[in-house]
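Subject: Handing over a structure

Dear colleague,

I am passing on the structure below, and after it you will find some notes on what turned up in it. Please keep the structure open beside the text as you read.

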Amino acid sequence: HPVIPSPESEHYRNKVEFSWGKYISDREGVHDEYRFGFHAPAQFDRIIDSTYCVLADDEVNAIFRDIDNFARAYHLPTYDPKTAQGFWRHLVIRKAKKTGETMILWSLNTDFPGYTAKEQTDLRFFSETLVTRHPNIVSIHLLHNTGRADIVTGETECIFGKNTITEELLGFHFEIAPKSFFQVNTLGAEKLYTRAIDSIKHRGGILLDLYAGTGTIGIILSEHFEKVYSVEVVESATADGKRNAIKNGRDNVEFINQKV
């Protein structure tokens, strides 16, 4: 079969994850206390400064630069994975391709001693300032990332707006929570799922959607089957799937929160 191309090869991502860090090397003569961008290939401790991501749209890039300017001028340090000290860790921006709704996820070391009540107030005030500059932002979350692993993890706290944003796929609407998995190329996912629908030879029976995540594929394909069983071990993803099935009026999808 021929390769089906994505409708877009640039600016297509609905989710971008940026990282803060520092890079200090006496051997290389480098002493950068602040970097913000992306990890260098195969190097957990080196961040490459970025001013523009070609896979994100212009609004996401503008939000990224506003946050960079704020954090760069602020007095709290970036996180050092070697010493487990510092404050700024990751930034996740999600922007729904179809609806434009945008979510900000601050991934920060809130156990850092310098993060006091004043800093909490400053962060919330700046977050509200972002909304005035970028009205598509409808959801802002603080993720309390206090573990040593260099991943976006921890308990989330909604500090502005809605808990979720809504994306559309093939006429279906899906709520996306801060840590929910969702295909990062919305238009590419529509091509992918359309190909799956076209490949169905026996319609009207039972569909097993295994390792289902939030049930996106099962919900979209449910029009073509009598019954769909959506099986997923992550409890929050199963809960998201149940809400999305109700949102789309699909009553023939059963969500099972168990190992496959």
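The buried residues of helix H1 are covered by, among others, strand E1 (15-25), strand E2 (30-39), strand E4 (88-95), strand E5 (102-108), helix H2 (117-133) and strand E6 (137-144), where contact means heavy atoms within 4.5 Å. This is a predicted model, in which local features need pLDDT of at least 70 and side-chain atom pairs count only at pLDDT 80 or more, while totals for chains, interfaces and linings use all residues. Residues are numbered from 1 along each chain as its sequence is written, and side-chain values use heavy atoms, with hydrogens and water left out. Helices (H or I, at least four residues) and strands (E, at least two) are DSSP runs, numbered from the N terminus.

H1 itself covers residues 58-73, which is 16 residues, and it reaches 23 Å from its first C-alpha to its last, close to the 22 Å expected at 1.5 Å a residue; the expected span is 1.5 Å times one less than the number of residues. Its buried residues include Val60, Ile63, Phe64, Ile67 and Phe70, and also Glu59, Asp66 and Asp68, buried being under 20% relative accessible area, exposed over 50% and partly exposed in between (1.4 Å probe, protein chains only). At the start of H1, a side-chain oxygen of Asp57 comes to within 3.1 Å of the backbone nitrogen of Glu59.

**Two positive phi values**

In the loop between H1 and E4 lies Ala84, whose phi is near 60°, a positive value in a residue other than glycine. Is Ala84 buried or exposed? Ala84 counts as buried because its relative accessibility is 16%. Leu170, in the loop between strand E8 (165-169) and strand E9 (172-176), also has a positive phi, near 50°, but Leu170 counts as partly exposed, with 32% relative accessibility.

**The cavity**

There is one cavity of 30 Å³ or more, a cavity being a set of points on a 1 Å grid over the protein atoms alone where a 1.4 Å probe fits but cannot get out, with lining residues having an atom within 4 Å of a point. The volume of the largest cavity is about 90 Å³, taken as the space filled by probe spheres set on the points, which are joined across faces, edges and corners. Of its 13 lining residues, Trp20, Gly21, Tyr79, Pro81 and Asp150 are the closest to its centre. E1 gives the most to this lining, with four residues.

Best wishes

How values were computed. Polar contact = N/O pair within 3.5 Å; in protein donor to acceptor, adjacent residues only side chain to side chain. 1 Å grid on protein atoms, 1.4 Å probe; cavity = no way out; pocket = protein on both sides within 12 Å on 5 of 7 lines; lining within 4 Å.
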